[in-house]
Amino acid sequence: MSIVNPKSHHSMVREIQTLLLSHKHIHLRWLNAHVGYLGNECADQLAKETIRKGDPFLLPKPLSYLKSEIKSAALSIWQDNWDNGETVRSTHDIVPRVSNKPVGWNREEIMFVTGHGPFPSYLHRFNLRTHDNCLCGEKGDSIHYATKCRYTLSWHFQTQQCHLNYSG
């Protein structure tokens with residue numbers, strides 16, 4: 001497939017393409033493997049011998065497999081760092097698993113979960129405010145505004161109450 005790809009940048013593929021263009025009498029076609037075609041069986045045997053000798057140009061696994069393994073290892077390291085980090089523990093409680101896929105949250109949701117936004121506690125960390133208190137006097141972080149602050153009562157999270165009717 002690489003040989004018929006005109007956009008291939010691999011030097012060996014480009015060299016084969018050039019040779020095929022200059023030798024019009026050579027035709028390539030796909031054959032079923034292991035059905036007795038002598039040339040195909042010889043090529044298969046030579047490929048196996050090359051792999052046994054450790055040719056540096058041949059990978060022992062397909063490139064897609066190697067990419068998948070690297071991605072999996074990177075996500076595992078990232079997850080370990082995320083689980084054992086010392087910062088953003090409140091975000092970790094909400095998003096315990098790392099992923100390279102977008103979460104689909106809007107800007108306000110991201111600010112709430114991370115605490116990065118126009119909150120006194122966040123602005124104080126960067127010396128953009130002299131203190132981290134809300135107008136009501138308590139620490140002004142996202143949880144405070146969503147659950148406790150008297151100035152944001154209409155936006156507070158409501159806890160669900162369960163009522164059981166039992167007639168026995």
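Reader: Which residues does Lys148 touch, not counting residues up to four places away in sequence?

Author: In this predicted model, Lys148 touches Glu138, Ile143 and His156. What makes each of these a contact is the cut-off: heavy atoms of the two residues lie within 4.5 Å.

Reader: How far apart are Lys148 and Glu138 in sequence and in space?

Author: Lys148 and Glu138 are 10 residues apart in sequence, and their C-alpha atoms are 9.1 Å apart in space. As for its place in the chain, Lys148 belongs to the segment after H7.

Reader: Why is Lys148 called exposed?

Author: The relative accessible area of Lys148 is 52%. The word exposed is used for values over 50%, so Lys148 counts as exposed.

Reader: Why is Ser142 called buried?

Author: Ser142 has a relative accessible area of 8%. Buried means under 20%, therefore Ser142 is buried. This residue lies in helix H7. Ser142 touches Phe112, Gly115 and Phe119, leaving aside residues up to four places away in sequence.

Reader: What makes Ser90 partly exposed?

Author: Its relative accessibility is 45%. Ser90 lies in helix H4. Between Ser90 and Thr114 there are 7.6 Å from C-alpha to C-alpha, while in sequence the two are 24 residues apart.

Reader: Which residues lie nearest the centre of the second largest pocket?

Author: They are Ser90, Thr114, Gly115, Arg125 and Asp141, out of a lining of 20 residues. The pocket itself has a volume of about 400 Å³.

Reader: Which elements give two or more residues to the lining of the second largest pocket?

Author: They are helix H4 (89–94), helix H5 (107–114), helix H6 (120–125) and helix H7 (142–147). The largest share comes from H4, with 4 residues.

Reader: How do the residues of this lining divide into nonpolar, polar and charged?

Author: The lining of the second largest pocket has 7 nonpolar, 7 polar and 6 charged residues. Gly counts as polar here, and Gly115 is one of the residues nearest the centre.

Reader: What stands out about phi of Asn127?

Author: Phi of Asn127 is near 55 degrees, a positive value, and the residue is not glycine. Asn127 lies in the loop between H6 and H7.

Reader: Why does Asn127 count as exposed?

Author: The relative accessibility of Asn127 is 68%. The cut-off for exposed is over 50%, so Asn127 counts as exposed.

Reader: How many helices and strands does the protein chain have?

Author: There are 7 helices and 0 strands. Along the sequence the pattern reads α-α-α-α-α-α-α.

Reader: What share of the protein chain is buried?

Author: Of the 168 residues in the protein chain, 15% are buried. The accessible surface of the protein chain is about 14500 Å², and carbon and sulfur atoms account for 59% of that surface.

Reader: Among contacts between residues at least 6 apart in sequence, what share joins residues at least 24 apart?

Author: In the protein chain that share is 11%.

Definitions and conventions:
Residues are numbered from 1 along each chain as its sequence is written. This is a predicted model: local features need pLDDT of at least 70, side-chain atom pairs count only at pLDDT 80 or more; totals for chains, interfaces and linings use all residues. Side-chain values use heavy atoms; hydrogens and water are left out. On a 1 Å grid over the protein atoms alone, a cavity is a set of points where a 1.4 Å probe fits but cannot get out, and a pocket is an open set with protein on both sides within 12 Å along at least five of seven lines; lining residues have an atom within 4 Å of a point. Grid points are joined across faces, edges and corners, and a volume is the space filled by probe spheres set on the points. Buried means under 20% relative accessible area, exposed over 50%, partly exposed in between (1.4 Å probe, protein chains only). Accessible areas come from the Shrake-Rupley method with a 1.4 Å probe; for residues, only the protein chains shown count as cover.
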